[in-house]
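Please look over the sequence and the model below. The report that follows goes through selected residues, their contacts and the confidence of the prediction.

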Amino acid sequence: ENESCDGGITPLMLACDKSITAALNYLHQQIQNQSSKQVVSAWGSVTDKSSESGNSAVHHALAADFQIGLDVLEYYAFN
């Protein structure tokens, strides 16, 4: 098997898990300025799940009570 040592954690999941507002604000700008394919390639998708826990960025934002993260994820998912 070709499994990475990071457990399939995307930058998006990490930013949501750690409530990194600056990263999510930057992501919001990137969504507005680039194609979604480029953004997903760099950050991961809202629906990506980690291979360790099966959790997505939304799970991480909810667990961290990260409202800004949830707002950006909602925008990201529908734009």
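The model is a predicted one, in which local features need pLDDT of at least 70 and side-chain atom pairs count only at pLDDT 80 or more, while totals for chains, interfaces and linings use all residues. Residues are numbered from 1 along each chain as its sequence is written, and side-chain values use heavy atoms, with hydrogens and water left out.

One aromatic pair turns up in a search of the whole structure. Its members are Y26 and W43, in a tilted arrangement with 6.3 Å centre to centre and 35 degrees between the planes. Rings of Phe, Tyr and Trp (its six-membered ring) pair if their centres lie within 6.5 Å; planes under 30 degrees apart count as stacked, over 60 as edge-to-face and the rest as tilted. Because Y26 lies in helix α2 and W43 in helix α3, the pair ties together parts 17 residues apart in sequence. Helices (H or I, at least four residues) are DSSP runs, numbered from the N terminus. Y26 is partly exposed, at 44% relative accessibility.

## The nonpolar core

The largest nonpolar core has 17 residues, and those touching the most other members are L12, C16, L24, L27, W43, L73 and Y76. At least two core residues come from each of α1 (11-17), α2 (21-33), α3 (36-43), α4 (57-63) and α5 (67-78). Such a core is a set of buried Ala, Val, Leu, Ile, Met, Phe, Trp, Tyr and Cys residues joined through side-chain atoms within 4.5 Å.

Leaving aside residues up to four places away in sequence, L27 touches L12, V39, W43, V72 and Y76 (contact means heavy atoms within 4.5 Å). T10, in the segment before α1, is buried at 10% relative accessible area. With the neighbours up to four places away again not counted, T10 touches W43, G44 and D48.

## The salt bridge

The whole structure holds one salt bridge (a side-chain nitrogen of Lys or Arg within 4 Å of a carboxyl oxygen of Asp or Glu). K18 forms this bridge with D17, and their closest N and O atoms are 3.5 Å apart. K18 is exposed at 52% relative accessibility, whereas D17 is partly exposed at 33%.

## Confidence

Mean pLDDT (the predictor's confidence in each residue, from 0 to 100) is 86 for the protein, and 92% of its residues reach 70 or more. Residues 1-5 have pLDDT below 50, and this stretch has one contact in the model beyond near neighbours in sequence.

How values were computed:
Buried means under 20% relative accessible area, exposed over 50%, partly exposed in between (1.4 Å probe, protein chains only).
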